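Work through the exercises below with the coordinates open. Try each task before you read its solution.

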There are 2 protein chains.
Amino acid sequence: MHPVLRALVIDLELSIVLLGGVAPATSLAEQASLTEGPLVITKQGSFFIGGREQLSTSLGRGKSAGPPGTITVDQVYVRYQTPPRAEMQPNIVLIHGCCLTGKSWETTPDGRMGWDEYFVRRGFSTYVLDQAWRGRSAADPSAINAVADGHLPIESLPTESSASHEGAWVLFRFGPRYGETFPGLQFPVNAADQLWKQMVPDYAGGLPKPNPTVPALAQLAQRIGPSVLISHSQSGIYPFQALVADPRNIAGIIAIEPAACPDSKAELMPYKGTPILVLFGDYIADSPGWAHILQGCRDYVGALKAAGGRAELLVLPETGIKGNSHMLMQDFNSLQIAGLLVDWIRNSGR
Amino acid sequence: MHPVLRALVIDLELSIVLLGGVAPATSLAEQASLTEGPLVITKQGSFFIGGREQLSTSLGRGKSAGPPGTITVDQVYVRYQTPPRAEMQPNIVLIHGCCLTGKSWETTPDGRMGWDEYFVRRGFSTYVLDQAWRGRSAADPSAINAVADGHLPIESLPTESSASHEGAWVLFRFGPRYGETFPGLQFPVNAADQLWKQMVPDYAGGLPKPNPTVPALAQLAQRIGPSVLISHSQSGIYPFQALVADPRNIAGIIAIEPAACPDSKAELMPYKGTPILVLFGDYIADSPGWAHILQGCRDYVGALKAAGGRAELLVLPETGIKGNSHMLMQDFNSLQIAGLLVDWIRNSGR
């Protein structure tokens, strides 16, 4: 690019940021305007955090087993985009849930902008990861091959599970039974086939605790600087565990429908210094499992606030925002919710 | 963004494209200038191509098995970015090789720009996929769980293999033995740990032939329009198979060190109308396996040219470009090679 043009582009970006990128946008019309027009990125890329080397005698099966060799597992794949002037705000780290990958946060099943891009357009450096042993973060096939070749007993086979369409429909609160929807549901069920395609086998049930993704989150924050960790569902407890292990650079935690909050009766001191938002969608009362989890989070947030912590519980229908499923980052009003999170992040820094 | 500013941005983008984005760049200095400065994207996102529903009674194991349910497999995850004025050029589709995912084409192990971004900066809409059953494209865990629960015999376990560091070092021609490098090697071996973290279990050996990625490639081209398919290694034969199945919108094939070229004695008619480039790096003579494959590709390209086809074989050291490994999209001169491909694509359209 010609130097004069480049300077002009940079000036223009700054003007754009000052005029539209950083000012809080509260109306739906303003939200919409932020999602249009070209996207300017100063840097993007991908890398891995964590990982350990493992010697294996069973990297293949039968004749393809080959000699013993080393592989690397437990690493976490991270992709990021940085917009102009992102250094004025914390990084956003998006951590997907069960049986899914970082794809959850990208283009919605019905083709709308994902949160991965929305936060970039709102001026945040945004990092999307695949949990350890999932998606682009390697699993270890050794035990499967060793069983296949008779070197290990069947009991050594790893836990590897997938969510069914039928099961996920109910668990994600699209409706009370597969094929039925709750009244006013915001999830684009007509495009559910694109959600089903996002699902991949999940090894998490057989991994050590904490999940290897947890230390990777702490390491990631060390590498990239102050970060707000946004979890979903299965990964809900991970940022809390990372915070207890190493609070440096964890600027905030947003738990979207966490599968569990920390125990309200545990030592709360490690959580007190960090802004924490726990968010739930609609139809919780129609789902006993979720109602139980929400109660646990109410107890935790209540105890933490009573202890002087900076925690907040937001149940969307209680604020007038209705119809949200468990997959609220893909619901029709997904960007409205992301906008609420941007406002919360900016206010939490004050 | 203010409408006046938005219009100005768009004008500026067009100027940038006309001044620097589309004109062929042949010198290394020009290549470097293309990789600096902000990146402007008009659209980005991700989606899945293909996929079939499969009923399973073994989505978990033991108590976690749950009721029978449906999952979707064989779909292919695709992520894309579109720069301004991309409609003037064909799309680029990047298809990774064995034991890897689309990450191969992103940021290099030592942190330089990947081809995924380079082609966007050269004005191409660029699509990166994860092969079926790999990375963000789901595998089916049913057989593993069914064996674990005693419902299927051990022989039913799927083929799932990983490449070892030691094996890949030699196969990727970093050197004659693990830890030794060929003289003048361009691969950043000091950052090899980041390459090892890219490797994931590979089910391809047990999948039907053609690999489900092949029909997905044909479908992808139908969806996105004229496309140059760039394969690597294991995926080398896929674009040729897609071309034979359905040539519509396959504007060209670039096979980077394919594991196999089509048989030179087969019917060559289906390949005659499409520009085809087969590219190999250095040290082939030191690697009997690769020498054999290169000979097969020489035979194929020679036969196709003799039959009136538009094929070309490029062995980099024969043109004076030396030191390239099998992972040449990650070698120090990776963008120089990508630049050659851009020149080839633009010339092939004439």
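Buried means under 20% relative accessible area, exposed means over 50%, and partly exposed lies in between. The model is predicted.

**Exercise 1. Positive phi**

Task: Where does Arg85(B) lie, and is Arg85(B) buried, partly exposed or exposed?

Solution. 
- Step 1. Start with the backbone. Arg85(B) has phi near 65°, a positive value in a residue other than glycine.
- Step 2. Arg85(B) sits in the loop between S5 and strand S6 (91–95) of chain B.
- Step 3. Classify. The relative accessible area of Arg85(B) is 27%, so Arg85(B) is partly exposed.
- Step 4. Turn to Asp74(B). Its phi is near 80°, again positive in a residue other than glycine.

**Exercise 2. Helix packing in chain A**

Task: At what angle do H7(A) and H8(A) pack, and which residues make the contact?

Solution. 
- Step 1. Take the axes. Helix H7 (residues 213–224) and helix H8 (residues 237–245) of chain A pack at about 60°, and their axes are 8 Å apart.
- Step 2. Name the geometry. Angles of 65 to 115 degrees would count as roughly perpendicular, and those under 35 as roughly parallel. H7(A) and H8(A) are therefore oblique to each other.
- Step 3. H7(A) and H8(A) cross in a right-handed sense.
- Step 4. List the contact. H7(A) supplies Thr213(A), Val214(A), Leu217(A) and Ala218(A), while H8(A) supplies Tyr238(A), Pro239(A), Gln241(A) and Ala242(A).
- Step 5. Six of the contact residues are nonpolar, two are polar and none is charged.

**Exercise 3. Helix packing in chain B**

Task: What are the packing angle and axis distance for H7(B) and H8(B)?

Solution. 
- Step 1. H7(B) packs on helix H8 (residues 237–245) of chain B at an angle of about 60°, with the axes 8 Å apart.
- Step 2. H7(B) and H8(B) are therefore oblique. The crossing is right-handed.
- Step 3. On H7(B), the contact residues are Thr213(B), Val214(B), Leu217(B) and Ala218(B); on H8(B), they are Tyr238(B), Pro239(B), Gln241(B) and Ala242(B).
- Step 4. The contact holds six nonpolar residues, two polar and no charged.

**Exercise 4. Aromatic pairs**

Task: How many aromatic pairs are there over all chains? Is the pair Tyr80(B) and Tyr127(B) stacked or edge-to-face?

Solution. 
- Step 1. Count. The total over all chains is 34 aromatic pairs.
- Step 2. Apply the geometry. For Tyr80(B) and Tyr127(B), the centres are 5.3 Å apart and the planes 20°. Planes under 30 degrees apart count as stacked, and the pair is stacked.
- Step 3. Locate the partners. Tyr80(B) is in strand S5 (residues 76–82) and Tyr127(B) in strand S7 (residues 126–130) of chain B, so the pair ties together parts 47 residues apart in sequence.
- Step 4. Check burial. Tyr80(B) is buried at 11% relative accessible area. Tyr127(B) is buried at 8%.
- Step 5. Compare with Trp133(B) and Tyr203(B). Their centres are 5.2 Å apart, the planes make 65°, and the pair is edge-to-face.
- Step 6. Trp133(B) lies in the loop between S7 and helix H4 (142–148) of chain B, and Tyr203(B) in the loop between helix H6 (192–196) and helix H7 (213–224), so this pair ties together parts 70 residues apart in sequence. Both residues are buried.

**Exercise 5. Buried loop residues**

Task: Which residues does Val200(B) touch, beyond those up to four places away in sequence? Which does Ser58(B) contact, leaving aside neighbours within four places?

Solution. 
- Step 1. Val200(B) lies in the loop between H6 and H7 of chain B. Its relative accessible area is 2%, so Val200(B) is buried.
- Step 2. From chain A, Val200(B) touches Gly135(A), Arg136(A), Ser137(A) and Ala138(A). From chain B, the list is Cys99(B), Leu100(B), Thr101(B), Arg134(B), Ser161(B) and Ser162(B).
- Step 3. Ser58(B) is in the loop between strand S3 (52–56) and strand S4 (69–73) of chain B. At 4% relative accessible area, Ser58(B) is buried.
- Step 4. Ser58(B) contacts Pro141(B), Ser142(B), Asn145(B) and Ala146(B).

Note on methods: Residues numbered from 1 in each chain as written. Chains lettered and ligands numbered in written order. Predicted model: local features only at pLDDT ≥ 70, side-chain atom pairs only at ≥ 80, totals over all residues. Heavy atoms only, no water. Axes fitted to C-alpha atoms, helices over the stretch in contact; angles between N-to-C directions. Helix = DSSP H or I, 4+ residues; strand = E, 2+ residues; numbered from the N terminus. Parallel < 35°, antiparallel > 145°, perpendicular 65-115°, else oblique. Left-handed = near helix turned anticlockwise from the far one by under 90°. Contact = heavy atoms within 4.5 Å. Nonpolar A, V, L, I, M, F, W, Y, C, P; charged D, E, K, R; others polar. Phe/Tyr/Trp six-rings, centres within 6.5 Å; stacked < 30°, edge-to-face > 60°. Buried < 20%, exposed > 50% of the residue type's maximum accessible area, 1.4 Å probe, protein only.
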